[in-house]
Amino acid sequence: MATPTNPSTNPGPLALIAEITHRCPLHCVYCSNPLELTARERELSTAAWIGVFEQGAKLGVMQLDLTGGEPLARPDLVELVRASRKNGLYVNLITSGIGLSADRLAELVDAGLDHLQLSFQDAEAGPADEFAGLTAHGKKLAIAREIAKHRIGFTVNLVVHRRNVRRLEEMLAMAEGLGAQRIEVAHVQYYGWAVPNRGELLPTREQVEWSLDVLARAQERLRGRIRLEYVTPDYYARFPKACMGGWGQKLMLIDPAGFALPCHAARVIPGLQFENVGMRGLEWIWSESESFNKYRGEEWMEEPCRSCDRRAVDFGGCRCQAQMLAGDAAATDPVCSLSPLRAKVDATVAEAVRGGRVSEAGGAGEFVPVAEVAEARWSYRLNPR
Amino acid sequence: MRPSAESKPHLAPGCRLSEMPNQEATLMMPEGALKLKGPGLQILRSCDGNHTFQQIVDALYKQYQQANLQKIEQDTATFLEQLQERRALDF
């Protein structure tokens, strides 16, 4: 049931995530884009995107994430950055760096880019390029050196999973040398293209615990020099993540064709209609649309969430994960230890990492699952037309 | 890192103070935004690389006469230290 909302009591979104294209030269095996990608000819025009940013700023948006796909695939990116900044937005660019020349970077900085997040797949070129499906690692290192020359915020993002987590310390050492103020370590989340690759990517509990220990020590060592941030992967957590800070509470995502989504993965929820910015204003979509109201507040909650003390902390977890794992988007996120379906998650994890054996190699808790040694069978993300 | 009397705090790359009409002053950072008012805002306005920590504290003390100087010093140092650790400030 939709919760009645009133624009005066329901503040606007704080951040806008603009997936300006789904095109990308990389084919990352854990890409968060939906399996059904938006074709180039359906992408919003420059003017339409600028209109979205203007409306967002009026609605109270402070931060804009320009992401994709690879946002650099849009030839009008400099223009989009300039227009966003002119509207008072704080402009983040989330990029692989592929397609970023020194000249284009200087133009983006000149246009008002505030912050750039550059992702890495590994510390070693071989596996990094395998996970990305492209020879990209060396180019990323080169572009990182260019980024560090500019006075903008710079975050290095490291994506970890079963097949690279034992090189976490090497990855951190690499990131430390790139001149970033921030390092973000992201255990893969199981949405988009990571779902068909889940069996290859899910880490073991030992790996996760070892990684959290490494990260806690690195955070202490880097204090005051580099801000290190990370989150516990929720398949191994006791309680679910406060997904998107609550449905329709803080964030609005616009996909390449202009559809407004409460989160990246919302399309996995059947029967939910999404509004397009070509038909409706952002303010109406945020406060009035069925999709943004569907899981807002607490009215929709089922037990055990409905009477749980944590319902205002994690909002019942992730609706898309509930859909994917429980087949019901209104269920308690099955990763929650209070969910009746938690055993199913444990079984999924156990199946994915079955075949673990003690290794003499040491490293990640001296436990290397056989699946890590065996060759992976990846589903690579495609490039839309 | 705790500032010394001679530290000259300034905003780190990727951070800026936004003061728009009809809006609360906000420190914009890569990881989010911090709404500012009162002494917090006043301190951030002085984080321009020209003012020393000592000068920032002295200015606050002048304005808040009834407050304890040592407490102003400690609170300001803690505030700056926290922002430095978030990599929002350099000094």
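This is a predicted model: local features need pLDDT of at least 70, side-chain atom pairs count only at pLDDT 80 or more; totals for chains, interfaces and linings use all residues.
Now widen the selection to both strands, residues 15-19 and 63-67 of chain A; they run parallel and are joined by 5 bridges.

Next, look at the other partner of E1(A). Select residues 251-254 of chain A, which form strand E8(A); this strand also runs parallel to E1(A), with 4 bridges joining them. To find one point of pairing, click on Ala18(A), whose bridge partner in E8(A) is Ile254(A).

Stay with E1(A) and show its side chains. Ala15(A), Ile17(A) and Glu19(A) point one way, while Leu16(A) and Ala18(A) point the other way. Is this strand enclosed or open? Of its 5 residues, 5 are buried, so E1(A) is largely enclosed by the rest of the structure.

Now bring in helix H1(A), residues 46-59. Together with E1(A) and E2(A), H1(A) makes a right-handed β-α-β unit.

In soluble globular proteins, nonpolar side chains tend to be buried together. The largest nonpolar core in this model has 63 residues, and those touching the most other members are Phe53(A), Leu66(A), Leu116(A), Leu158(A) and Leu172(A). Which helix gives the most to this core? That is H1(A), with 6 residues.

Pick Leu66(A) and display what surrounds it. Beyond its neighbours within four places in sequence, Leu66(A) is in contact with residues including Ala18(A), Ile20(A), Phe53(A), Val81(A) and Ile94(A). Asn92(A) is also in contact with Leu66(A).

For a second, separate core, select Cys24(A), Val159(A), Val335(A) and Ala376(A), which are among its 26 residues.

Time to cross to chain B. Show both chains and find where they meet: 20 residues of chain A are in contact with 18 residues of chain B. The two chains bury about 1700 Å² between them, with 52% of it on carbon and sulfur atoms. How many salt bridges does the rule find across this interface? There are 4. To see a salt bridge between the chains, select Glu31(B) and Arg182(A), whose side chains meet at 3.7 Å, N to O.

Finish inside chain B with helix H1(B), residues 38-46, where Gly40(B), Leu41(B), Ile43(B), Leu44(B) and Ser46(B) are buried. Color the elements that these buried residues pack against: strands E1 (10-11), E2 (16-18), E3 (25-29) and E4 (32-36), along with helices H2 (53-63) and H3 (69-85), of chain B.

Notes:
Residues are numbered from 1 along each chain as its sequence is written. Chains are lettered from A and ligands numbered from 1 in the order in which they are written. Side-chain values use heavy atoms; hydrogens and water are left out. A nonpolar core is a set of buried Ala, Val, Leu, Ile, Met, Phe, Trp, Tyr and Cys residues joined through side-chain atoms within 4.5 Å. Buried means under 20% relative accessible area, exposed over 50%, partly exposed in between (1.4 Å probe, protein chains only). Helices (H or I, at least four residues) and strands (E, at least two) are DSSP runs, numbered from the N terminus. Contact means heavy atoms within 4.5 Å. Two strands pair if DSSP finds at least two bridges between them. A crossover is right-handed if, with the strands pointing away from the viewer, the path from the first strand over the helix to the second runs clockwise. Buried area is the accessible area (1.4 Å probe) that two parts lose on being put together, summed over both.
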